[in-house]
Structure formats: structure tokens, C-alpha cells
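Student: Hi, I've just opened this one and would like to go through it with you. Where shall we begin?

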Amino acid sequence: HAEIRRELHFFTLYRVFEAALLCLAVFGPVGELLAQPRHPQLAAAVALAYLLGAVILFAAGRRGAVEGQVTAGVGSDILVTALAMHALPALASSIAMMLLFNIGAAALLLPLRRGLAVAGSASLALLLQYIWTVATGEDNGRPTVEVAMYAISYLAIATLTSLLGRQLRASQALAEARGSQVANLAEVNELIIRRMRTGVLLVDGDGEIRLANEA
């Protein structure tokens, strides 16, 4: 549990970094050089809300149910990605690419089905955003195949990281179980030696006594 909590901590910290970058792109001078927002008010609202939400999720990551926090966090990531892509069309590909890490990190902490559900939700969000852009006549020339490529990438990274996370957790559980067995065997051996009628000394290579029974 400590390892999972630590991974969640770094995941929420990365989200704060993402939100700060989005705010820099919207409000900073660098953002003006990169691209002008198509919907400035929407971009500003999404960037500020995302930064506030990211800070709240980072502060709340030290307690509570891990899966619930991961699901809520990646859900906000997906929603912000779709809105930010619509408001900042020139940065749409970069924003969609950043979501790739969020999906992978979430799938690492979630069961396979929920990880795939997250990837599917992200793919659906990108598709709906694309349809929304085309329907409103604001298409900026992005090819339709780009949405399919991102959808495949999301599903692939979710599958790989979820399976990797399950394998790592199983290995960790096995290591902890074996460590506990070794500790129990050591206690049994020490108890047997202490109760022996024959005097026994255990001495290390430096000549220091490690164990001496009562006899």
C-alpha cells in the first residue's frame, strides 16, 4: 500500500505540472507566441479550474481510497483535455499526447478492466471533441485518422501498464510473504537453539557473538 500511495503521489504531482503548463500556455507570453486560443474565455476557465483541481487532488492524495482518487483524477484529465483541445486547436496534438501519460499512470494503479475503461473514455472524449469541432464549422484541418491513432495508443498503453502493475504487485506480495516466512523460520531456529541443553555459540566472521543459548 505504501508503494501504491507513493506512485499516486507522483501521479498527482505530475498533474499539477501539467496544469501549470496549460496555464502558462494560456496566460503566459510563451503561449501567445505558440498559438492564440480559439475561445480565450473557455481556455482561461479550463486552465484555472484544472490547476485548482490538480492542487486539491495532490493534497488529498495522502489519504482516502486510491482507486477512487485515481478514477476522479484521470476523469478530470480527460475532460480538461477535450475542452482544452477545442479552445486551443493549435496545441491539440500536444495536449492529447500529454494525456497518454495520465492514462498509463492511471492504468498502472487500476485493475485491467477499469484501466481499459479509462482508455475507452479518453478515446470517446477525443472523438466527441472532433465531432463537435466539425459540427460547429471550426475544423482546423486535423485528419480523422489522428483520433483513431490516439485511441489505439490509449488502449495499448492502458493494457501494457495495467498488466505491468498487476505483475509488480504480485511480485511484491510474494516477496513480502517470503520475507515473513524467513523471519518466522529465524525465530523458530533461535527458539530451538536457546532451549538446547548443549551450549551453543553463534559467532560471525569478525569473532563477535551473535547468539548464545542459556546452556
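**Helices, a hairpin and a few residues**

Student: Which residues in H5 meet H6?

Tutor: On the H5 side they are Ala-96, Leu-99, Ile-103 and Ala-107, and they meet Gly-115, Val-118, Ala-119, Ala-122 and Leu-126 in H6. Contact here means heavy atoms within 4.5 Å. Helices (H or I, at least four residues) and strands (E, at least two) are DSSP runs, numbered from the N terminus.

Student: And by class, what is in that contact of H5 with H6?

Tutor: It has 8 nonpolar residues, 1 polar and no charged ones. Ala, Val, Leu, Ile, Met, Phe, Trp, Tyr, Cys and Pro count as nonpolar, Asp, Glu, Lys and Arg as charged, and the others, Gly among them, as polar.

Student: Before we go on, what should I know about the model?

Tutor: The model is predicted, so local features need pLDDT of at least 70 and side-chain atom pairs count only at pLDDT 80 or more, while totals for chains, interfaces and linings use all residues. Residues are numbered from 1 along each chain as its sequence is written, and side-chain values use heavy atoms, leaving out hydrogens and water.

Student: Back to the helices: at what angle do H5 and H6 cross?

Tutor: Roughly 160 degrees, and the axes of H5 (residues 92–109) and H6 (residues 112–135) come within 9 Å. That makes H5 roughly antiparallel to H6. Axes are lines fitted to C-alpha atoms, for helices over the stretch in contact, and angles run from 0 to 180 degrees between N-to-C directions. Under 35 degrees counts as roughly parallel, over 145 as roughly antiparallel, 65 to 115 as roughly perpendicular and the rest as oblique.

Student: OK, how does H4 pack with H5?

Tutor: H4 (residues 66–87) packs with H5 at an angle of about 170 degrees, with the axes 10 Å apart. H4 and H5 are therefore roughly antiparallel to each other. Among the residues making the contact are Val-70, Val-74 and Asp-77 of H4, and Ile-95, Asn-102 and Ala-106 of H5. By class, the contact of H4 with H5 has 11 nonpolar, 2 polar and 2 charged residues.

Student: Changing topic, how do S1 and S2 run?

Tutor: Antiparallel, with 3 bridges joining S1 (residues 201–203) to S2 (residues 209–212). Two strands pair if DSSP finds at least two bridges between them. S1 and S2 form a hairpin with 5 residues between them, and Gly-207 in the turn has a positive phi of about 85 degrees.

Student: What stands opposite Leu-201?

Tutor: Ala-212 in S2 does. Ala-212 is also one of the residues that Arg-194 touches, along with Leu-211, Asn-213 and Glu-214, not counting residues up to four places away in sequence.

Student: So where is Arg-194?

Tutor: Arg-194 is in H7 (residues 144–195). At 38% relative accessibility, Arg-194 counts as partly exposed. Arg-194 and Ala-212 are 18 residues apart in sequence and 7.3 Å apart in space, C-alpha to C-alpha.

Notes. Buried means under 20% relative accessible area, exposed over 50%, partly exposed in between (1.4 Å probe, protein chains only).
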